[in-house]
Amino acid sequence: MFDIGDSVNKYLSDSIKDFLNSTFQAISKILFKQGAMPDFFNTLYSIFIGMGATVITIIVLYRIVEYMLQTSTGTNDTPLSEILLKTVKASAMIVIAPVLLKILVGEIAYPLGNWMFSQVAKNASSSAINFLSTGTLGGILGKGVVLLAVLAFVAIAVVVFFVKMCIYHAELIVYQVSSIWAAISMVSNNMDIMMEWWKGLLMMIISILMQTALIVGVTEIFTHTATWYNFMLLIGFCYLIIKGPDLLKRMWYGTGTSRGFMRLIASRLLMKR
């Protein structure tokens with residue numbers, strides 16, 4: 001006798017299975033393949049370099065004039081050598097920062113992430129269904145709505161992972177383009193955001209690697225015995241992929257990125273008063 005419920009369950013199960021297979025294959029082919037920066041951002045980067053050269057010249061001239069005026073009134077507490085040293089550092093970082101970014105991402109983060117993702121179980125979708133359908137776990141989950149709900153939750157986590165990786169790649173371009181202004185800020189006394197730029201970049205790389213480790217952990221579980229502990233880890237890893245590990249959030253807010261900008265805004269407002 002034809003059972004509509006079983007047919008629907010089988011159709012949905014096969015659809016999720018095909019979706020997971022396609023998604024994992026797509027991720028493995030494109031995720032950690034470093035490409036060139038889009039032409040628009042290359043042009044924008046060149047424009048920023050030109051603008052940056054003008055801005056840094058204006059800032060240095062202002063600092064020198066300020067130094068001369070303060071020296072004439074006997075209120076100067078910043079030696080000229082410090083101003084010149086900051087100028088040299090800022091000029092060097094305009095060149096060094098993008099190079100170091102490419103090394104950290106292209107030579108460390110991407111190869112490590114690519115290696116981790118190469119550990120993803122082959123035919124992960126089939127392994128997932130086998131994992132959830134066998135043993136005591138399979139007897140409780142069954143082959144109906146509950147099993148489909150768990151598979152759908154895993155599929156959502158995989159999609160969220162892919163979207164997050166896309167966002168991280170886009171943000172890395174933003175970091176590269178903004179490195180010019182972060183370097184220029186080193187010349188000023190109270191507007192230096194170079195340290196915040198570095199902290200943000202390192203947190204971005206750590207986030208990429210941790211999210212990759214979590215998705216590898218999900219597929220690794222599928223190759224092991226279907227125990228309740230492994231099932232709890234599966235749900236936990238998927239949830240962390242979607243939500244983001246709490247430790248990373250604490251580390252992000254603990255880097256001082258947000259606090260640094262708040263202090264900067266506060267100091268600007270006090271100076272205006």
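This is a predicted model: local features need pLDDT of at least 70, side-chain atom pairs count only at pLDDT 80 or more; totals for chains, interfaces and linings use all residues.
Residues are numbered from 1 along each chain as its sequence is written. Local features need pLDDT of at least 70, side-chain atom pairs count only at pLDDT 80 or more, totals for chains, interfaces and linings use all residues, and side-chain values use heavy atoms, with hydrogens and water left out.

Helix α7, residues 194-221, reaches 41 Å from its first C-alpha to its last, close to the 40 Å expected (1.5 Å times one less than its number of residues). Because 21 of its 28 residues are buried, α7 is largely enclosed by the rest of the structure; buried means under 20% relative accessible area, exposed over 50% and partly exposed in between, with a 1.4 Å probe and protein chains only.

F48 in helix α2 and W181 in helix α6, 133 residues apart, are linked by an aromatic pair (ring centres within 6.5 Å, the six-membered ring being used for Trp). The pair is edge-to-face, at 5.5 Å centre to centre and 70 degrees between the planes, where edge-to-face requires over 60 degrees.

K164, found in helix α6, is buried yet has no salt bridge (a side-chain nitrogen of Lys or Arg within 4 Å of a carboxyl oxygen of Asp or Glu).

Terms used. Helices (H or I, at least four residues) and strands (E, at least two) are DSSP runs, numbered from the N terminus. Lys and Arg count as positive and Asp and Glu as negative; His and the chain ends are not counted. Rings of Phe, Tyr and Trp (its six-membered ring) pair if their centres lie within 6.5 Å; planes under 30 degrees apart count as stacked, over 60 as edge-to-face and the rest as tilted.
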